[in-house]
Amino acid sequence: MKVLLDTYLEKEYGKVIEKLGYEVVSFDGKNPNKREDYGEDILIGASFLDKLNYKNHKNLKYIFLTSVGIDFMDLDYIEKKGIILSNNKGAYDDPISEWIVYGLLQVEKDDRKNIENQDKKIWEKRNFSFNLYNKKTLFMGTGTIAVAGAKRLKGFDMELNGFNTSGRKVEPFDNVYSIEELDKIIDQMDYIIMCLPETEKTHHILNRDRFEKLKDGVVIVNISRGATIDESALIDSIKCGKVKGAALDVFEEEPLSGDSPLWEMSNVYIYPHMSFSCEDIEKRQFDAAYHNLKALKYDGDFKNIVDFDKGY
């Protein structure tokens, strides 16, 4: 069977894939040839695959993503063609959960002011700063990233709350609320941490109406997908002080436009979709794809196969 991946991944993992008995072919991820059919059975990659016209690849049977997100793929087409699609769920839980903690601390300790004073060599003591302890946190989503984030925040003596559609209990959350309960409890939360995939049901789940219900001085962290938040409503809520601060790794349109007011807000911390970044990225990005390549050769025990009905 033939495996197609971009030249970067081929350089990193080509020999490992060949040892499993596959033929490896590669393409230029920065400038893919959209007309060429590489004849591959298996396609491996991430968001740059939307630049590759995989719909013209006649033999394609499997797509193993190195990313957790799948929203850049044409899911209707993939399902219709019977192509098996997997993502890299779980691979980036540890680094992303650290960015969650980092984002909350940046906002609560006014990190921008600290850095500005250091740059200007200003010795300015401040007797007041906000704390993480004794706060109520709501994780929007209770998947593996949210669980990893909650575990790391547990040491701050917070009340850890989760949200999923059914209210199904998940460790280590103290409480988990359903969609029917969400609007009854969301005004109690000091921190809202977005950990949801982008689907029709989660699009703008944090909308203008819900922003109005939030507690004054709430902090928002988004490491999931930009479209889970109504960005214009977020901007207005920051301007009026409803939202005290935000740490944002994802946006409705990426790269974030230079015209966005978010750039100019001193209480907003912007990360360019990089919360997955870590020192062992090479191993993590190939984890699920390598597992599934072995499964295809040996036992058929695939992991992270996408459920098209759920959209993740």
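This is a predicted model: local features need pLDDT of at least 70, side-chain atom pairs count only at pLDDT 80 or more; totals for chains, interfaces and linings use all residues.
1. Basis. Local features need pLDDT of at least 70, side-chain atom pairs count only at pLDDT 80 or more, and totals for chains, interfaces and linings use all residues. Residues are numbered from 1 along each chain as its sequence is written, and side-chain values use heavy atoms, without hydrogens and water.

2. Salt bridges overall. The whole structure holds 15 salt bridges (a side-chain nitrogen of Lys or Arg within 4 Å of a carboxyl oxygen of Asp or Glu).

3. R225 and D71. Their closest N and O atoms are 2.6 Å apart. The pair links distant parts of the chain, 154 residues apart. R225 sits in the loop between β10 (218–222) and α8 (231–239), D71 in the loop between β4 (62–65) and α2 (75–80). Helices (H or I, at least four residues) and strands (E, at least two) are DSSP runs, numbered from the N terminus. R225 is buried at 17% relative accessible area, while D71 is partly exposed at 39%. Buried means under 20%, exposed over 50%, partly exposed in between (1.4 Å probe, protein chains only).

4. R152 and D94. This salt bridge spans 3.0 Å, N to O. R152 lies in α5 (residues 144–153) and D94 in α3 (residues 93–108), so the pair ties together parts 58 residues apart in sequence. D94, R152, D280 and R284 are linked in a network of salt bridges.

5. Cysteines. There are zero disulfides (cysteine sulfur atoms within 2.5 Å). For C278, the nearest cysteine sulfur, that of C195, is 17 Å away. C278 is partly exposed at 24%; C240 is exposed at 58%.
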